[in-house]
Amino acid sequence: MNKIYLIFKHEFLQAIKGLGYIILTLSVPVLVILGIGSYKLVTILIEPSEEETTIIGYVDEVGIFSDQTVHGSIKLVSYASREDATGALVNKDVSEYFVIPLDYLSMGTIHRYTLAKELVTPPTTTYVIKSFLSWNLLKDDLSSEVITSIVTPLNMDVTRLDEDGEIAREQGRIGNIIVPAIFALLLSFSLMLGTNSLIGGLGEEKESRLLEVLLSSVSVRQLLIAKVTALGTAGLMQVIIWLISAPLLLQLASSTFGGFLSDIQLPVNFILLGIVYFTLGYLLFAILSVTVGGISSNVSEAQSLSMIYVMMLFVPLWFAGIMISLPENPIWFLLSIFPLTAPIQVMLRLGVSDVPVWQILVSIGVLILSVILGLYFSIKVFRAFMLMYGKRPGLAEIIQGLRFARY
Amino acid sequence: MKVVEVDHLSKSYADVVAVNDLTFSVSSGEILGLIGPNGAGKSSTIKIILDFMKPDSGEVRIFDQQMNEAIKDRIGYLPEERGLYKRLTAIDLILYLASLKGMDKATAEKKANILLEKTGMLEHKNKKNKEMSRGMGQLIQFIVTVIHDPDLVILDEPFSGLDPVRTETVQNIIAQLRDEGKAVILSTHQMNRVEELCDRVLMIDKGRSILYGDIMETRTKFRRNSVQVVIDGELGDLPGVIDRKVKSDYIELVLAPDTSSQTILDQLRESGTTVNRFEVTTPSLNEVFLHLVKVDHE
């Protein structure tokens with residue numbers, strides 16, 4: 001036990017001192033703070049002064065568009081002809097202009113002219129022009145309140161009720177997917193980094209024969225348990241740092257950006273499940289990595305082989321869009337119990353829909369079982385192939401090796 | 001007291017026989033030289049002794065028991081190819097690996113400083129391993145191997161990559177280990193080191209033992225019936241000498257089977273020749289090794 005602790009301590013310190021680990025751990029809070037700071041700075045720099053008004057010119061060839069020419073800081077100015085409007089545009093008297101042609105009422109097309117190079121018309125401009133046109137078309141038949149209602153975009157406030165008819169604590173708005181999505185992405189990167197780090201370390205020990213020195217002091221079981229738990233603990237520490245900083249960062253982001261960010265919540269069950277899945281995910285991927293490290297002849301070969309299971313991490317993220325549209329599809333349950341996708345899949349599902357408790361329990365149970373069986377299997381593989389240098393065993397050799405290797 | 005007992009050990013990989021019915025033992029206060037050409041099965045034998053791999057047949061007993069976790073602390077092992085954790089300092093590496101051998105930090109630090117000083121590495125103890133030369137790294141690993149005062153020391157090519165001064169230092173420490181009653185298995189290609197250090201030798205080729213015994217007895221056993229002489233003037237006719245081999249600094253006289261070296265010495269003295277050197281030719285271990293390997297291959 002003492003030797004397991006000694007190796008654990010060494011491996012844990014090596015893991016958390018790694019540059020990649022430090023960068024990834026600190027980058028989340030630092031990047032969020034930098035993002036908020038940048039947003040504030042940009043807002044201050046580009047925020048137009050109250051006196052600053054944008055003038056858009058227009059040429060009304062129909063002759064019925066003249067009312068409601070002021071929309072906040074945007075003012076519409078009429079020109080008699082296209083030539084006059086073009087002259088004003090070239091002289092920068094207007095930022096752009098549009099022409100309402102004679103056949104507008106039958107064709108519904110207006111022509112917009114600008115000096116700016118742009119992919120699409122800015123939404124604000126579209127909204128202002130559409131409001132202006134609608135208002136003038138409807139002004140003789142409808143009251144101003146009705147016209148305002150028509151031209152204003154639909155503003156729908158949705159409230160989710162629980163089964164007792166009370167307002168649910170989790171409202172399930174778009175903000176709810178943000179944290180699970182970021183968490184899933186970070187978990188993927190963190191597992192990928194941890195996997196690489198473990199394989200690199202193991203490869204260094206194998207190639208330098210330090211592994212033999214270690215195994216002349218401890219058993220394979222002690223060595224692997226220590227390595228796997230050290231990496232799992234490093235992962236756990238990482239997620240705890242993120243989770244501790246998350247409420248503060250969310251509060252900061254919400255007060256800065258507002259909007260849907262105000263809807264973001266961090267329920268306790270999400271935090272607890274996050275810790276459970278992060279830890280189990282780390283343990284499982286660490287076990288897979290030592291297994292791959294055991295049968296590989298060098299580091300680069302091990303890293304190539306590890307891509308097979310590392311890629312599985314990203315499967316739930318690839319299909320996240322479909323899952324948001326079809327959250328009840330049974331495929332998501334299957335991905336939730338498949339050990340390699342379960343940590344990411346469940347975290348994502350928690351942000352999209354209610355995940356039945358039994359599914360979470362099955363998922364965690366399968367993961368725990370995978371970790372236990374994986375560790376048993378990896379110890380046997382490692383014992384059988386740890387000292388094979390420069391050659392990778394074939395399938396027949398692996399099967400034979402496993403038959404005779406001890407636990 | 002026998003520390004290692006290897007009994008009819010065999011191990012094959014696919015079609016290759018790595019170790020073939022090998023039997024030997026190593027006792028306390030003894031250095032056993034394990035020699036053989038590349039691929040002879042030396043490293044495989046060591047790995048089986050250390051329980052890194054299982055033999056197909058045969059048995060290894062260490063301290064009169066099968067390998068277990070408890071006796072690992074009494075073993076020091078230096079592998080043939082060596083490396084270090086590049087990011088650790090020399091002292092951190094030594095203390096970490098010493099802790100795995102059950103040493104407490106204070107004792108390990110004290111012993112480490114003694115060994116670092118003895119090997120001339122004290123001033124480098126806070127250097128990171130990646131900043132060290134190959135030879136310096138080897139000394140650090142050697143220190144790691146012996147720091148916990150093991151009763152059994154297994155050294156696989158301990159001198160490779162070391163300069164003559166460091167080789168001498170390591171050689172002295174190994175001799176000291178023997179004097180302290182440790183059992184040492186020394187696997188090396190450097191026959192002169194085996195001759196100088198070892199009490200007994202085990203020569204293996206293709207996994208088989210081709211020679212096992214006391215170094216001096218072995219050399220005597222393979223002694224050729226010839227003498228090496230250095231004289232003033234010319235050698236006259238010497239009855240009983242069937243061949244003369246003129247070397248750069250001596251002449252080797254090959255004697256007839258029924259002629260003794262004493263007869264030749266008497267003849268030289270009687271002829272009034274000034275004899276500056278007269279030595280019965282004893283083959284070096286290297287010559288014995290080459291001879292046996294050649295015979296084995298034939």
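Apart from neighbours within four places in sequence, Pro29(A) is in contact with Trp242(A), Ser245(A) and Leu249(A). The model in which these contacts occur is a predicted one. Pro29(A) belongs to helix H2 of chain A, which spans residues 19-46. With a relative accessible area of 13%, Pro29(A) falls under the 20% limit and therefore counts as buried.

His124(B) sits in the loop that runs between H4 and helix H5 (134-146) of that chain. The relative accessibility of His124(B) is 15%, so this residue is counted as buried. Once neighbours within four places in sequence are set aside, the contacts of His124(B) are Ala90(B), Met132(B) and Met136(B).

Turning to the backbone, most residues other than glycine have a negative phi. Lys92(A), which is not a glycine, has a positive phi of about 65°. Phe63(B) is likewise not a glycine, and its phi is positive at about 50°. Both residues are in loops: Lys92(A) lies between helix H3 (82-90) and strand E4 (96-100) of chain A, while Phe63(B) lies between strand E4 (57-62) and helix H2 (69-72) of chain B. Are these two residues buried or exposed? Lys92(A) counts as exposed because its relative accessibility is 63%, whereas Phe63(B), at 7%, counts as buried.

The two chains also meet. At their interface, 24 residues of chain B are in contact with 26 residues of chain A. The size of an interface is often given as the accessible area lost when the parts come together. Between chain B and chain A, the buried area is about 2,400 Å², and carbon and sulfur atoms give 56% of it. On the chain B side, the residues that lose the most area to chain A are Phe52(B), Tyr85(B) and Leu100(B), which together make up 28% of what that side buries. Charged pairs are found here too, with two salt bridges counted between chain B and chain A. In a salt bridge between Lys47(B) and Glu212(A), the closest N and O atoms are 3.9 Å apart.

Which element gives the most to the lining of the second largest pocket? H1(A) does, with six residues. By class, the lining of the second largest pocket contains eight charged, seven nonpolar and three polar residues.

Rolling a probe the size of a water molecule over the atoms shows where empty space is left. In this structure there are two cavities of 30 Å³ or more. The largest cavity has a volume of about 70 Å³, and its lining includes Ile199(A), Leu202(A), Lys206(A), Glu207(A), Val299(A) and Ala302(A). At least two lining residues of the largest cavity come from each of helix H7 (175-207) and helix H11 (299-310) of chain A. H7(A) supplies the largest share of that lining, five residues. The lining of the largest cavity divides into five polar, four nonpolar and two charged residues.

The second largest cavity has a volume of about 50 Å³. Residues from chain A such as Val213(A), Ser216(A) and Ser217(A) line the second largest cavity, as do residues from chain B, among them Tyr77(B), Leu97(B), Lys101(B) and His148(B). In chain B, strand E5 (75-78) and H5 each supply at least two residues of the lining of the second largest cavity. The classes in the lining of the second largest cavity are five polar, four nonpolar and one charged.

Technical notes:
Residues numbered from 1 in each chain as written. Chains lettered and ligands numbered in written order. Predicted model: local features only at pLDDT ≥ 70, side-chain atom pairs only at ≥ 80, totals over all residues. Heavy atoms only, no water. Helix = DSSP H or I, 4+ residues; strand = E, 2+ residues; numbered from the N terminus. Buried < 20%, exposed > 50% of the residue type's maximum accessible area, 1.4 Å probe, protein only. Nonpolar A, V, L, I, M, F, W, Y, C, P; charged D, E, K, R; others polar. Contact = heavy atoms within 4.5 Å. Buried area = accessible area lost by both parts, 1.4 Å probe. Salt bridge = Lys/Arg side-chain N within 4 Å of Asp/Glu carboxyl O. 1 Å grid on protein atoms, 1.4 Å probe; cavity = no way out; pocket = protein on both sides within 12 Å on 5 of 7 lines; lining within 4 Å. Points joined across faces, edges and corners; volume = space filled by probe spheres on them.
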